[in-house]
Amino acid sequence: MASVPSKLYADDVSLLMVLLDTNPFFWSSSSLPFSKFLSHVLTFLNSILLLNQLNQVVVIATGYSSCSYIYDSTSAPSHGSDQGRMPALCSNLLQKLEEFVTEDEQLLKEASAEGTPSSLLSGSLSMALCYIQKVFRSGPMHPQPRILCLQGSSDGPDQYVAIMNAIFSAQRSMVPIDSCYMGSHNSAFLQQASYITGGVYLKPQQPDGLLQYLTTVFATDLHSRAFLQLPKSAGVDFRASCFCHKKTIDTGYICSVCLSIFCKHHKKCSTCGSVFGQAQSEVPSSTNRKRKASDT
Amino acid sequence: MNNGDQRRLNGELEEDEEDEENNDGLAAWERAYADERSWESLQEDESGLLRPIDNQSLQHAQYRRRLRAASTTRIQKGLIRYLYIVIDLSKAASEMDFRPSRMGVVAKHVEAFIREYFYQNPLSQVGLVTIKDGVAHILTDLGGSPESHVKALMGKLECSGDASLQNALDLVQGYLNQIPSYGHREVLIMYSALSTCDPGDIMETIQKCKKSKIRCSVIGLSAEIFICKHLCQETGGSYYIALDESHLKDLILEHAPPPPAIAEFAIANLIKMGFPQRAAESSVAICSCHKEAKVGDGYTCPRCKARVCELPTECRICGLTLISSPHLARSYHHLFPIVPFDEVSLSLFIDQQNKLPKACFGCQQSLLGPGNKPGLHVSCPKCKQHFCLDCDIYIHESLHNCPGCDSTRHSKIPTANEG
Ligand SMILES: [Zn+2]
Ligand SMILES: [Zn+2]
Ligand SMILES: [Zn+2]
Ligand SMILES: [Zn+2]
Ligand SMILES: [Zn+2]
Ligand SMILES: [Zn+2]
């Protein structure tokens, strides 16, 4: 069980974990080109570091076949390696990002691409949470962590369990997951992640103005966020993925032993091996039960 | 199992005696410091400075033992539970050997238990029963909302008269007999009294409980009583006596994780359920439960599109059981446990020091110990990534994901076909 972090540190110092979607399948079809997207994000990250000199930024790339840390403001040389006019953040990050993208592409060629072109969000979320635990362990004086998912790819239903696990762990250690989703349809995973952890879910209406959305909604520390008029939630998609076909479903059958979700009736549970008796369509309601009880 | 219980009970009694010898003649407030022994966790380093003992590796060894024990148990858990908590409010519960009183301590920990229970057992229900003046009362019906139970319990904390185990069991058995066959029926009794004042033959009642497949467990606050032990043995429950408050807390929280599913106790079944969408904050609709127009905050039944205010519930219009899918997903880590990580042997290091990663894959912490020598760490047998000991514990006990496996596409096996 994760221990709840103590609240002894200054509440306006932030640790921002940015999960950057680099999935080539998404960016090749996006209306906002990746290079433009990056320049919005870099400006945003620079402004976060300037808002408070104790602020920290860590960037993790979420690729198609791998995930990797590509920037950490605490370990990067702050102003030393200025080659030309670019700030240190940009040059460090861009260099690592390029290495990452090349490697990710290499892996992609090795494995045959099949199924949905989703990116490995569960991997980068898990890494970010491990990093945040390290910050919690560092003592009572640590910055307030939050996670920002800059995601464009559609959800990968095969990651359902892993993503939910990450969401619950974030919730237990009170880390909000913010999401800025650039894809064409809403992401049910990110809607749930932000809803459950108390973060903000935003789908920019005009991707060209990304920087504006980022700075107005996601730049303020968690304490000052209370003063903002945050975007109203447009609902949360609570659909689940069935375990048998990884399909997203809104009604399904649940194994009473292990709570696995299936899209249709099976004779045997593929997860726990239980053999099912005759189909029982619904749980008898508690009101019925009460009625019966008072009759006897 | 019963032998194990016995041994454990004895072990704890011995420990208790030792403690009493050590603490001889100390007042209660002094004992608190004696137990902590903060000076013993200091150690002298090379330069003669006092430092806290590095018990990280020790702790880690303990954790690994725990993990191994857990990974050998099967994944079939009784996840849908119907549990009655019976609280003894006879005059024995006013004894002050626990501070402020047995009753107060029990109430405090039952509250914490109820919250933890609902966290770990989605779809499960709890009901509260009290015994006082020789009769048993239903305090709350079986239900899924922790708040209502806690509120009812805190409002009814008075004790008087005798305790009657038989009346309590009869009452609870009558209710639990009506729950669906796939549910696990359980009773947890917090028993303060040293006797039971029964109207009839309690042995018959115990047999009735056994026949209804109700697992009865008792946590005693005074001393072992034969009838409680007999009850637990007959129905497959556990019986422990709490030695002090922290022991009581541990004992009661042991009942929070789902128990292993026993096929004969509950029949597996497929239950049809719907996962409603949460409506947009600005939308207006008339809810089917209160028949009121409401702005935002509500869920839409996927079958008939009726609006309901709360989950879990049953659609008033089409009768479909509606639950929130994240509620279910909380228990999925039981189904797909992360394999224990292997300790990276230090001898391996010397051979291929250059090839091994220098930082933890999860948190980027350096894996090098003092003097740039490789420190103790672990690696995942599936993805071969290396992790620090802290991440190892966090990954297995809270996160339930391996960051390495989740960041690799080809080695990823579809989760449903595992297990
Ligand atoms: Zn399916
Ligand atoms: Zn199952
Ligand atoms: Zn309503
Ligand atoms: Zn309906
Ligand atoms: Zn680590
Ligand atoms: Zn792994």
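Modeller: Contact means that heavy atoms lie within 4.5 Å. This is a predicted model, in which local features need pLDDT of at least 70 and side-chain atom pairs count only at pLDDT 80 or more, while totals for chains, interfaces and linings use all residues. Residues are numbered from 1 along each chain as its sequence is written, chains are lettered from A and ligands numbered from 1 in the order in which they are written, and side-chain values use heavy atoms, with hydrogens and water left out.

Colleague: Which residues of chain A is B:Tyr332 in contact with, leaving aside its neighbours within four places in sequence?

Modeller: With those sequence neighbours set aside, the partners of B:Tyr332 are A:Tyr160, A:Val161, A:Phe243, A:Cys258, A:Leu259, A:Ser260 and A:Ile261.  How many residues does each chain bring to the contact between them? Chain A brings 85 residues, and chain B brings 77 residues.

Colleague: What area is buried between chain B and chain A?

Modeller: The size of an interface is often given as the accessible area lost when the parts come together. Buried area is the accessible area (1.4 Å probe) that two parts lose on being put together, summed over both. Carbon and sulfur atoms give 56% of the area buried between chain B and chain A, which is about 7100 Å².

Colleague: Which residue of chain B forms a salt bridge with A:Arg137?

Modeller: A salt bridge is a side-chain nitrogen of Lys or Arg within 4 Å of a carboxyl oxygen of Asp or Glu. Two salt bridges are counted between chain B and chain A. With the closest N and O atoms 3.3 Å apart, the partner of A:Arg137 is B:Asp390.
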